[in-house]
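Please open the model in your viewer and keep the selection panel at hand. The tour below goes from one selection to the next and says what is found at each stop.

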Amino acid sequence: MAVKTAPQSHEQASDPSSLVIRFGPDEPLKLEAGIDLAPFQIAYQTYGELNDAHSNAVLVCHALTGDQHVANTHPVTGKPGWWDALIGPGKIVDTNRFFVICTNVVGGCLGSTGPASTNPSTGRPYGLDLPVITIRDMVRAQAMVIDHLGIDRLFCVIGGSMGGMQVLEWAASYPERVFSALPIATGARHTSQNIAFHEVGRQAVMADPEWCAGRYLEAGKRPEKGLAVARMAAHITYLSEAALHRKFGRNLQDRERLTFGFDADFQIESYLRHQGMTFVDRFDANSYLYMTRAMDYFDLAADHGGRLAEAFRGTTTRFCLISFTSDWLFPTEESRRVVHALNAAGASVSFVEIETDKGHDAFLLDEPEFHGAVRGFITAAARDRGILEA
Amino acid sequence: MNGTGSRVDFQLIADMIAPRARVLDVGCGEGELLELLRDDRQVDGRGIEISQEGVNRCVARGLSVIQGDADHDLRYYPDRGFDYVILSQTIQATRNPKTVLEELLRIGDKVVVSFPNFGHARLRLSLLFRGRMPVTRDLPYSWYDTPNIHFCTIRDFMLLCDEVGATVEKAIALDGTGHEIALSMPWWFWNLFGQQAVFLLRR
């Protein structure tokens with residue numbers, strides 16, 4: 001069998017089409033696992049200009065399989081940025097007014113140090129030798145980037161899903177550095193069901209013989225099938241039954257009748273297979289293991305003596321949480337837990353649940369009520385921060 | 001807010017709130033009162049509102065408002081977390097007015113409650129002569145589709161205050177033309193001719 005060419009994503013891992021900050025041996029990332037990661041690098045994109053007061057910086061945190069290409073054409077897929085609907089000139093997060101930063105998280109595979117990066121002590125890819133990365137580690141690395149850019153206080157930290165976890169961690173770890181926080185479709189912990197789905201995905205990757213115990217890059221192989229199955233299973237959790245049925249129903253794929261076989265008879269099967277196949281072109285399988293683990297380990301209350309309110313004690317950050325009615329991955333109840341904790345901590349908090357049948361992925365889609373809430377919150381906060389005219 | 005029309009109570013409520021106080025408005029609608037309090041009294045205001053549209057309007061006004069409902073979400077607020085808690089034209093729409101009132105007295109040092117007086121003469125006459133549940137400009141709903149499930153009279157509300165151990169610091173009733181009823185008038189007069197009532201309570 002011929003050795004497969006490395007996917008484009010692997011080139012991006014070492015030599016990204018992004019800005020990169022390299023932190024030397026003297027600036028290690030102190031990981032929660034108890035290990036200093038050094039040297040390491042963070043790839044990031046920026047949009048707009050930092051103002052003279054350095055008061056207009058917005059940090060966008062990406063989700064599990066997202067990356068730093070939030071508002072530009074993706075270098076691998078050629079698709080628009082994943083939050084193109086929200087961010088750009090004249091848009092809700094207006095890059096004519098704000099300086100928008102999005103970093104690839106540490107552990108990722110689009111240019112920040114991750115399992116596909118070369119381990120300087122062996123000269124080989126890290127693979128599973130990279131310590132487990134946590135949400136707090138991701139945020140700590142982002143803080144180092146923000147320091148590097150000369151920004152003391154972010155005007156806003158915004159993100160959905162795993163990005164929302166980072167927003168909450170930012171607010172808890174660096175309250176004085178966050179003027180406003182927008183955690184969307186997220187929670188302060190991963191539930192048992194969430195961990196369960198992630199475990200299915202990881203087992204699918206690791207069951208693929210081409211995974212080679214995590215050493216597939218050196219073996220010239222790719223655990224495509226396992227990663228694709230992981231993505232297919234996860235993708236279902238991002239949607240809702242209503243949205244799936246509306247879009248696909250029981251429609252057949254390019255055929256008049258059932259084939260009485262195991263080909264993709266149904267459109268939904270074909271759709272999921274496509275989702276799985278395109279995903280493996282842009283994402284590293286080991287990185288998927290690390291990202292899912294980071295989310296599983298996240299439990300903000302546990303980090304603060306079991307009381308979530310303690311994480312936000314004395315905070316002056318203003319919060320706006322948004323959830324979606326049909327999101328069963330991060331149901332509204334998870335957002336409400338955070339809201340109640342913020343109330344108990346006396347924080348300034350807004351919360352709105354958006355009525356939609358589009359499931360968890362609604363935060364990436366064109367949902368007018370959702371965008372209206374984001375616009376209102378950001379505009380009012382910008383006025384109070386003195387970025388916009390009153 | 002439950003479509004009780006006239007909001008003549010807003011200015012009366014605002015006059016009861018000390019400047020720069022911490023205020024929680026339960027059932028804050030689209031945030032008009034919170035905005036008035038923020039702009040005129042420089043209060044640090046928070047709100048709870050049941051409708052998504054209401055919350056969105058509030059957020060767009062730069063107010064801190066959460067989607068929630070008085071019957072379920074007040075329990076998450078700490079004791080004495082606010083200087084004032086306001087329940088404006090909302091008590092008649094709660095499932096458990098007594099529990100809600102007790103929660104308000106726990107959360108706020110002072111509590112402001114405004115409500116339409118169901119003991120008003122016009123409503124009494126309507127029931128007496130038409131034999132039907134009153135539908136008026138201020139209370140425009142039919143009995144079967146109204147959010148207002150627990151109407152009370154001024155007298156009823158005072159008895160509830162007694163029952164939960166609340167002290168009435170101040171009470172104002174407005175007649176049909178929006179004028180205050182003179183303090184010298186007896187309670188039965190208030191109960192008959194007051195269309196709107198505003199109470200300032202404390203534990």
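Begin with chain A, where the C-alpha centres of domain 1 of chain A and domain 2 of chain A lie 25 Å apart. To colour them, select 8–192 together with 300–385 for domain 1 of chain A, and 195–292 for domain 2 of chain A, bounds that come from an automatic or database domain assignment. Where these two domains touch, 32 residues from domain 1 of chain A and 21 residues from domain 2 of chain A take part, two residues being in contact if their C-beta atoms, placed from the backbone, lie within 7 Å. On the side of domain 1 of chain A that touches domain 2 of chain A, the elements giving two or more residues are α1 (8–14) and β10 (124–125) of chain A; here helices (H or I, at least four residues) and strands (E, at least two) are DSSP runs, numbered from the N terminus. The largest share of that side, four residues, comes from α1(A).

This is a predicted model, in which local features need pLDDT of at least 70 and side-chain atom pairs count only at pLDDT 80 or more, while totals for chains, interfaces and linings use all residues. Residues are numbered from 1 along each chain as its sequence is written, and chains are lettered from A and ligands numbered from 1 in the order in which they are written.

If you now colour by pLDDT, the predictor's confidence in each residue, from 0 to 100, chain A averages 95, and 97% of its residues score at least 70. Over residues 1–6 of chain A, however, the pLDDT is below 50, and this stretch has five contacts in the model beyond near neighbours in sequence.

Next, select helix α2 (residues 135–148) and helix α3 (residues 162–173) of chain A, whose axes come within 9 Å and cross at roughly 70 degrees; axes are lines fitted to C-alpha atoms, for helices over the stretch in contact, and angles run from 0 to 180 degrees between N-to-C directions. The helices α2(A) and α3(A) are therefore roughly perpendicular to each other, since angles under 35 degrees count as roughly parallel, over 145 as roughly antiparallel, 65 to 115 as roughly perpendicular and the rest as oblique. Show side chains to find A:Ile135, A:Arg136, A:Met138 and A:Val139 in α2(A) meeting A:Met165, A:Gln166, A:Glu169, A:Trp170 and A:Ser173 in α3(A).

Two loops of chain A deserve a stop. In the loop between β3 (36–37) and β4 (40–47) of chain A lies A:Pro39, which a cis peptide bond joins to A:Ala38, with omega about -10 degrees. In the loop between α4 (192–207) and α5 (216–219) of chain A, select A:Cys212, which has a positive phi of about 55 degrees although it is not a glycine. Most residues other than glycine have a negative phi, and most peptide bonds are trans.

Move on to chain B, where 15 residues are in contact with 23 residues of chain A. On the side of chain B that touches chain A, α3 (52–60) and β3 (64–67) of chain B each supply at least two residues, and the largest share, five residues, comes from α3(B).

Finally, select helix α1 (residues 9–16) and helix α2 (residues 32–41) of chain B, whose axes come within 10 Å and cross at roughly 45 degrees. The helices α1(B) and α2(B) are therefore oblique to each other. Their contact is made by B:Phe10, B:Ile13 and B:Ala14 of α1(B) and B:Glu32, B:Leu33, B:Leu36, B:Leu37, B:Asp40 and B:Arg41 of α2(B).
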